[in-house]
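Please look over this model with me. My notes follow as numbered points.

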Amino acid sequence: MIRVGVNGYGTIGKRVADAVAAQPDMELVGVTKTKPNYEAEAAIRRGYDLYAAIAERAGEFETAGVGIAGTLPDLLESVDVVVDCAPSGIGAQNRSVYAAHDTPAIFQGGEGADVADASFNARTNFEASRGADTLRVVSCNTTGLARLLAPLEAAYGIEKARVTLVRRGGDPSETGRGPINDVVPDPTTVPSHHGPDVNTVLSGVDVDTAALKAPVTTMHTHSVNVTLREPPTTEAVRDLLADESRIFTIPEAAGIDGAGKLKEYAMDRGRPRGDLWENCVWEESINVSGRDLYLFENVHQEADVVPENVDAIRALTTDLSAAESVERTNEALGVGL
Ligand code: NAD
């Protein structure tokens, strides 16, 4: 069993913890919180051992009646790998703590690429990540783009990809985020940093991105145009994407017109927290004109990186192939709609 700790039990951390607990070859040793809030209480109710992320604040848990099993150093001594799910920038600060305990670590996409030995996406560079002591699972948008562009590059070659990212303003629990009444370019400069980030896991693909923020919390939307080297038929691209285990091609007959119904569908299917681990591509939006491919996809920012974190754990700690790991992760979680 691979013993795993999760440092930072927020939006991503709680989902990674559940996904780890669901794997047949992993044991979730514990999770950390900085304070004894509702998430800490819920973690304990779920049966997870809770550790104080900041040792000096351990007393606050006791005062609040929230029992802890120890502090972060205790957790690091008991695990084979730690998944850092702390807020952007804090992961980089935690890096030296993990190194001091000789604990292999996985970081998230809010950190710069230099936080880890390599950036990671299971579809594009699982094998290339072998031998690393630390990995960075790329961000939700980058994960979605890598999953989409990798099969297109392999099948037809990509001359140039151009993607407009309409990003959610904040996650549902982030009540202070915005905008609340506007759609704003973010960043205002074009291209955005997302294209170069794709190249950290899928090198050699020419991709330019422009990004906006919209007053929604549910999902990101990508408007995609890819100029391919070989012109496929629309039908061939639909089949290609439908064959990808982490891409859901939304059938036209489903009547799903946006993120609201996608999330509703996920909940109807009994998905935990209404999570969509797959890229969601509108089948009828897939259209090839000459060598130009067009499509729309949605990416659930809270969920798509979760199976990638599970695979990153195996890339760091086992000899399993990418295909074996992805299959095991998908099976244990129920990925594939
Ligand atoms: P979050 O704020 O929801 O959760 C972070 C958790 O870490 C919180 O529970 C916070 O209390 C805790 N924390 C704060 N300081 C800490 C410390 N010093 N040590 C340990 N824990 C600490 O953040 P999130 O959205 O889960 O993001 C985590 C990482 O995942 C970031 O790098 C982010 O960029 C990345 N990411 C986020 C999303 C998303 O849409 N939410 C998607 C993909 C990747």
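1. In which loop does Pro-191 lie? Pro-191 is in the loop between strand 10 and helix 8 (194-199). Helices (H or I, at least four residues) and strands (E, at least two) are DSSP runs, numbered from the N terminus. The bond joining Val-190 and Pro-191 is a cis peptide bond, with omega about -5°.

2. This is a predicted model: local features need pLDDT of at least 70, side-chain atom pairs count only at pLDDT 80 or more, and totals for chains, interfaces and linings use all residues. Residues are numbered from 1 along each chain as its sequence is written, and side-chain values use heavy atoms, with hydrogens and water left out.

3. Gly-178 to Pro-179 is also a cis peptide bond, with omega near 5°. Pro-179 sits in the loop between strand 9 (158-168) and strand 10 (184-185).

4. Now the ligand. Domain 1 (2-138 + 305-333) and domain 2 (140-299) both give residues to its shell, so the ligand lies between them. The domain bounds come from an automatic or database domain assignment.

5. Which side chains make polar contacts (pairs of N or O atoms within 3.5 Å)? An N or O atom in the side chain of Thr-11 is 2.8 Å from a ligand oxygen. For a polar side-chain atom of Ser-88, the distance to a ligand oxygen is 3.2 Å. The side chain of Asp-171 has an N or O atom 2.6 Å from a ligand nitrogen.

6. One backbone detail remains. Asp-102 has a positive phi, near 55°, and is not glycine. Asp-102 is in the loop between helix 5 and strand 6 (105-107).

Key
A polar contact is a pair of N or O atoms within 3.5 Å; within protein, one must be able to donate a hydrogen and the other to accept it, and residues adjacent in sequence count only if both atoms are side-chain atoms.
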